[in-house]
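User: I have a structure open and want to learn how to read it. Can we go through some features together?

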Amino acid sequence: MSAVCQLTGTKPVFGNNVSHSHRRTRRRWNPNIQHHRYWLPSENRFVRLTLSARAIRTVDKIGVERAVARIRARGERV
């Protein structure tokens with residue numbers, strides 16, 4: 001499973017762990033990715049979306065129809 005949000009496009013960010021002695025090792029910050037199933041009334045079916053926690057709140061605010069339209073505008077298949 002790739003850690004990429006379908007709605008916002010959020011992906012992992014990379015950086016360094018810095019120890020007390022300032023030795024640096026690479027690390028990665030993953031977004032809070034969740035799978036959520038929504039009913040899409042226009043197509044009379046459920047869609048399973050991979051969303052970040054912030055994107056789930058966005059879908060709650062704007063509605064699943066507009067969210068799916070935005071995902072399709074980005075060129076992703078739903």
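User: Which ring does the charged end of arginine 37 sit over?
Analyst: Keep in mind that this model is predicted. The charged end of arginine 37 sits over the ring of phenylalanine 46. The distance to the ring centre is 3.7 Å.

User: Which residue forms an aromatic pair with phenylalanine 46?
Analyst: The count comes to 1 aromatic pair. Tryptophan 39 is the partner of phenylalanine 46, and the pair is edge-to-face. The ring centres lie 4.9 Å apart, with 70 degrees between the planes. Planes over 60 degrees apart count as edge-to-face, which explains the label.

User: Is phenylalanine 46 buried, exposed or partly exposed?
Analyst: Phenylalanine 46 counts as partly exposed because its relative accessibility is 42%. Tryptophan 39 has 39%, so it is partly exposed too.

User: What about valine 47, buried or exposed?
Analyst: Valine 47 has 2% relative accessibility, so it counts as buried. It belongs to strand 4, residues 45-52. Beyond its neighbours within four places in sequence, valine 47 contacts His36, Arg37, Tyr38, Leu40, Val68 and Val78. Valine 78 is 31 residues away along the chain, yet the two C-alpha atoms are 6.9 Å apart.

User: How do helix 1 and helix 2 cross?
Analyst: Two packed helices are described by the angle and the distance between their axes. Here the axes of helix 1 (residues 53-62) and helix 2 (residues 64-73) come within 6 Å and cross at roughly 125 degrees. That angle makes helix 1 oblique to helix 2.

User: Which residues meet there?
Analyst: Thr58, Val59 and Ile62 in helix 1 meet Val64, Arg66, Ala67 and Arg70 in helix 2. By class, the contact has 4 nonpolar, 1 polar and 2 charged residues.

Key:
Residues numbered from 1 in each chain as written. Predicted model: local features only at pLDDT ≥ 70, side-chain atom pairs only at ≥ 80, totals over all residues. Heavy atoms only, no water. Phe/Tyr/Trp six-rings, centres within 6.5 Å; stacked < 30°, edge-to-face > 60°. Buried < 20%, exposed > 50% of the residue type's maximum accessible area, 1.4 Å probe, protein only. Lys NZ or Arg CZ within 6 Å of the ring centre and 35° of its normal. Helix = DSSP H or I, 4+ residues; strand = E, 2+ residues; numbered from the N terminus. Contact = heavy atoms within 4.5 Å. Axes fitted to C-alpha atoms, helices over the stretch in contact; angles between N-to-C directions. Parallel < 35°, antiparallel > 145°, perpendicular 65-115°, else oblique. Nonpolar A, V, L, I, M, F, W, Y, C, P; charged D, E, K, R; others polar.
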